[in-house]
Amino acid sequence: MRPDEIRDSAEEAYIYGFPLLLMDITAQVATAAPRAQGHKAPRNQFAHLESYPDPSFTEVVSPNADTLYSSAFLDLCRGPMVLSVPDTGGRYYLMQMLDAWGNVFAAPGTRTTGNARHDFAIVGPSWSGTLPEGVEEIKSPSNMVWVIGRTYCAGPADYEAVHKIQAQYKLTPLSAWGQAYAPPENVDVDPNVDPKTSPVDQLDDLRVTDFFHRLAMLMKDNPPPPADRTVVRQLAKIGIVPGEPFDPTVLTPTTAKALKEGFTSGRAVVMKSSKSPSGGRMVHRNGWSYTLDAGSYGTDYLFRAAVARMGLGANLPEDAVYPTIVTEANGQKLSGKNGYVLHFDKDQLPPARAFWSLTMYNARHFFVPNPIGRYAIGDRDKLQFNPDGSLDIQIQHERPEAAKEANWLPAPADEFNIIMRIYWPKPEVLEGSWTAPPIRLLAEPKLMAA
């Protein structure tokens, strides 16, 4: 291969493999615990968050503050796992399931399976067998699975009620089904795992040879789908073969240089694209951008990588749509140096069958400390509507006057972005006919007197 062909293949390899490696690093960090504790748990066990994440949480970009998470990374190489969910009494919940490549392959929950009790057997790509009566099969395309459970929570006063439901979410090996089973509490933890650095930062720090070797090893238990055969053949030409070590010792200096250049270029492309993903059915209106094709990416590898970097674990649009905004109405970047208002006419509120919210993030897509501990605002809050039924959301760094504090979404002092979450959106969202209003600059934001 010519050096330019090697560079192009290496760039494509980075883009193609980015979600797989990010998923693997995220899994390593999230499972680095001998037993379920806080937001960590060994593989095949649930970690239940008992409260909303705070600014110290950096393991997953763009976390939400609308639901309490119940997260589990599964290893199906050892056999199927049975997920049991209780009757949630009408409370909205979702058990989103992602394969190793970031695609949502199942989403049991209120929208799809209702709120009654269910048992689901999650089985790997090569498993075959007979399931017990009453257990429904869910086939995973990969042996690594991320189950992201979300249970609606109306705020801290609602925590206890949600905890009772979370305690009934169970994962049981199929081999132990029908028997008394308790998950192990003394699981070995890999001492080489970095539990403090965010998975995205760890991925950014990988060297080219480490990235390609890890990609090749992960592709063995998490086989690429048939639609990826073209890119898989291309990767093989530069030594990336599923299950085979990537050997840098056989590289000539010219080849090694071309690989590094392509790898570096691929990283830059993913970083740039993640700031403004452009794939699938994209909607760009009034400064808001969102896709109606998240969660299932086909062969659009750059779109898949961009979404993973911006918000690994994105839902299918039928479950949630995430309009994101980084600029105000005149195109200037949002900054805590200014004050803004987001005005919804009476008939313009986000059309959600479940609920909607607005969440504040810093430039790195994490929560921002603020004096009232509010990271999101939405229809669960006691919002103050205008006499005509319209709604004004106050967005600024400084505390507003008391009359506007109920509708205040605190911002950092510097650049920020906002994600709107519309859970179980109505048809007008999925069809693209609903339009979110722009965020407008306040010339002189009214601040609370010192």
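This report describes a helix contact and the pairing of aromatic rings in a predicted model.

**Contact of two helices**

Two packed helices are described by the angle between their axes and the distance between the axes. For helix H1 (residues 3-30) and helix H8 (residues 301-311), the axes come within 8 Å and cross at roughly 35 degrees. The crossing of H1 and H8 is left-handed. On the H1 side, the contact is made by Ile15, Tyr16, Phe18, Pro19 and Leu22, which meet Tyr301, Leu302, Arg304, Ala305, Ala308 and Arg309 of H8. Nine of the residues in this contact are nonpolar and two are charged, while none is polar.

**Aromatic pairs**

The model holds 22 aromatic pairs, counted with ring centres within 6.5 Å. Two of these pairs are set out below.

| Pair | Centre to centre | Angle between planes | Arrangement |
|---|---|---|---|
| Phe73 and Trp146 | 4.9 Å | 15 degrees | stacked |
| Phe212 and Phe263 | 6.0 Å | 90 degrees | edge-to-face |

Phe73 belongs to strand E2 (residues 67-75) and Trp146 to strand E8 (residues 144-152), so their pairing ties together parts that are 73 residues apart in sequence. Phe73 counts as buried, with 2% relative accessibility, and Trp146 counts as buried as well, with 5% relative accessibility.

Methods:
Residues are numbered from 1 along each chain as its sequence is written. This is a predicted model: local features need pLDDT of at least 70, side-chain atom pairs count only at pLDDT 80 or more; totals for chains, interfaces and linings use all residues. Side-chain values use heavy atoms; hydrogens and water are left out. Axes are lines fitted to C-alpha atoms, for helices over the stretch in contact, and angles run from 0 to 180 degrees between N-to-C directions. Helices (H or I, at least four residues) and strands (E, at least two) are DSSP runs, numbered from the N terminus. A crossing is left-handed if the near helix is turned anticlockwise from the far one by less than a right angle, and right-handed if clockwise. Contact means heavy atoms within 4.5 Å. Ala, Val, Leu, Ile, Met, Phe, Trp, Tyr, Cys and Pro count as nonpolar, Asp, Glu, Lys and Arg as charged, and the others, Gly among them, as polar. Rings of Phe, Tyr and Trp (its six-membered ring) pair if their centres lie within 6.5 Å; planes under 30 degrees apart count as stacked, over 60 as edge-to-face and the rest as tilted. Buried means under 20% relative accessible area, exposed over 50%, partly exposed in between (1.4 Å probe, protein chains only).
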